[in-house]
Amino acid sequence: TFASTIGMHISACVLLAAIRPLVLRLLSPREGYEFGSSPGIQMLGVRWFVAYVSMLTLLHHIWYFFIEKFGFSNFFDTMSRAFLSALASIVLIMLAQFLFGPRLRRS
């Protein structure tokens, strides 16, 4: 099942789908979320969005790279690859969010 790149990526995405409610609960603001809203940078701010994206992206990449190795051999090499790849992905996600995402409201 995990023999191809798409299978490994899908397994990492399924893990994120299972973990996402826990991350949202961990990062929830005191007031809670508005009903029917989609968590995003324009609603909850840059700091919240960076924490949210960082947690999920890092978890995705760590899972993906360890599934790719199919074990814990070269643990530190795999972790460094996952962290560097996650960092690059987070930068690109933030750049895309600022360039193409909904505009932040100015009060």
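W48 and Y52 sit four residues apart in helix 3, so about one helical turn separates them. Helices here are DSSP runs of H or I, at least four residues, numbered from the N terminus. The model is predicted: local features need pLDDT of at least 70, side-chain atom pairs count only at pLDDT 80 or more, and totals for chains, interfaces and linings use all residues. Residues are numbered from 1 along each chain as its sequence is written, and side-chain values use heavy atoms, without hydrogens and water.

**Aromatic pairs**

The structure holds four aromatic pairs. Rings of Phe, Tyr and Trp (its six-membered ring) pair if their centres lie within 6.5 Å; planes under 30 degrees apart are stacked, over 60 edge-to-face, the rest tilted. W48 and Y52 are stacked, at 4.9 Å centre to centre and 15° between the planes. F75 and F76 are edge-to-face, because their planes stand at 85°, with ring centres 5.2 Å apart. Ring pairs also join F66 to F75 and F76 in a cluster.

Exposure of four of these residues follows. Buried means under 20% relative accessible area, exposed over 50%, partly exposed in between (1.4 Å probe, protein chains only).

| Residue | Relative accessibility | Class |
|---|---|---|
| W48 | 10% | buried |
| Y52 | 11% | buried |
| F75 | 35% | partly exposed |
| F76 | 68% | exposed |

**Cores**

A nonpolar core joins buried Ala, Val, Leu, Ile, Met, Phe, Trp, Tyr and Cys residues through side-chain atoms within 4.5 Å. The largest has 12 residues, including W48, Y52, L16 and M94. Helix 1 (5–26), helix 3 (46–69) and helix 4 (75–100) each supply at least two of its residues. Helix 3 gives the most, with five. Another core, of six residues, lies apart from it; A12, Y64, F65 and A82 are among them.
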